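Okay, thanks everyone, I'll keep this short. Let me put the model up, and then we'll walk through a few spots together.

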Amino acid sequence: MSAGPAVDPRGPRFAAIVTTVVLAVVLVTQWWPLLALQTVVFAIGAFIGLKPAPYSVVYRLLVAPRLGPPGEREDAAPLRFAQAVGFVFALIGTIGFVAGVSTLGIVATAFALFAAFLNAAFDFCLGCEMYLLIKRFSPARAS
């Protein structure tokens, strides 16, 4: 049983590529406003939905029309969880940079970058895998 709407899996991978570039720029420049914007992107994907998330909109309007239909679709719930995990790390990083604790900002951003890079380069969604493990080991709901 699906826990959310099905999405074209190429969209989240596109978003991971953009996120990887954004987070790499943040690590090199330590420019916290860019990380704050990425935090908002993660928040939209996690708490509002994948469809209105900025990178999803770009994918849907500019990239998807140039591709054929997806061969498969995947559940949005693990992807939204992954966005929430990214949100937490980006928020901690932003707070670290703003508070002048650059080490915290760098480490939190590096963790988010690592996860985004895994998805962008190897199609391995770390947050999605965390979601599936948590779901697998959580107690079943009573019907």
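So, one term before anything else: I call a residue buried under 20% relative accessible area, exposed over 50%, and partly exposed in between, with a 1.4 Å probe and protein chains only. This is a predicted model, so local features need pLDDT of at least 70 and side-chain atom pairs count only at pLDDT 80 or more, while totals for chains, interfaces and linings use all residues. Residues are numbered from 1 along each chain as its sequence is written, and side-chain values use heavy atoms, with hydrogens and water left out.

Let's start with the rings. Rings of Phe, Tyr and Trp (its six-membered ring) pair if their centres lie within 6.5 Å; planes under 30 degrees apart are stacked, over 60 edge-to-face, and the rest tilted. How many aromatic pairs does the structure hold? Five. One of them is Phe14 with Tyr59, a tilted pair at 5.9 Å centre to centre and 45 degrees between the planes. Phe14 sits in helix H1 and Tyr59 in helix H3, so this pair ties together parts 45 residues apart in sequence. Helices, by the way, are DSSP runs of H or I, at least four residues, numbered from the N terminus.

Then there's Phe47 with Phe87, edge-to-face, 5.2 Å centre to centre and 90 degrees between the planes. Here Phe47 is in helix H2 and Phe87 in helix H4 (residues 76-98), so the pair links parts 40 residues apart in sequence. Is Phe87 buried or exposed? Phe87 counts as buried, because its relative accessibility is 19%. Phe47, at 54%, is exposed.

Back to H3, which spans residues 54-63: Tyr55, Ser56 and Tyr59 are buried there. Looking down the axis, the buried residues fall within an arc of 105 degrees, so they line one face of the helix; that arc is taken from the directions from the helix axis to the C-beta atoms. They pack against helix H1 (10-29) and helix H2 (32-48), with contact meaning heavy atoms within 4.5 Å. On the other side of H3, Leu61 and Leu62 are exposed.

Next, Thr109, in helix H5 (residues 102-122). Thr109 is buried, at a relative accessible area of 1%. Beyond its neighbours within four places in sequence, Thr109 contacts Leu23, Val26, Leu27, Leu35, Gly93 and Phe97.

Last stop, the cysteines. Taking a disulfide as a pair of cysteine sulfur atoms within 2.5 Å, the count comes to one. That one joins Cys125 to Cys128, S to S 2.3 Å. The link of Cys125 and Cys128 is right-handed, with 70 degrees about the S-S bond, and both cysteines are buried.

Notes
Helix = DSSP H or I, 4+ residues; strand = E, 2+ residues; numbered from the N terminus.
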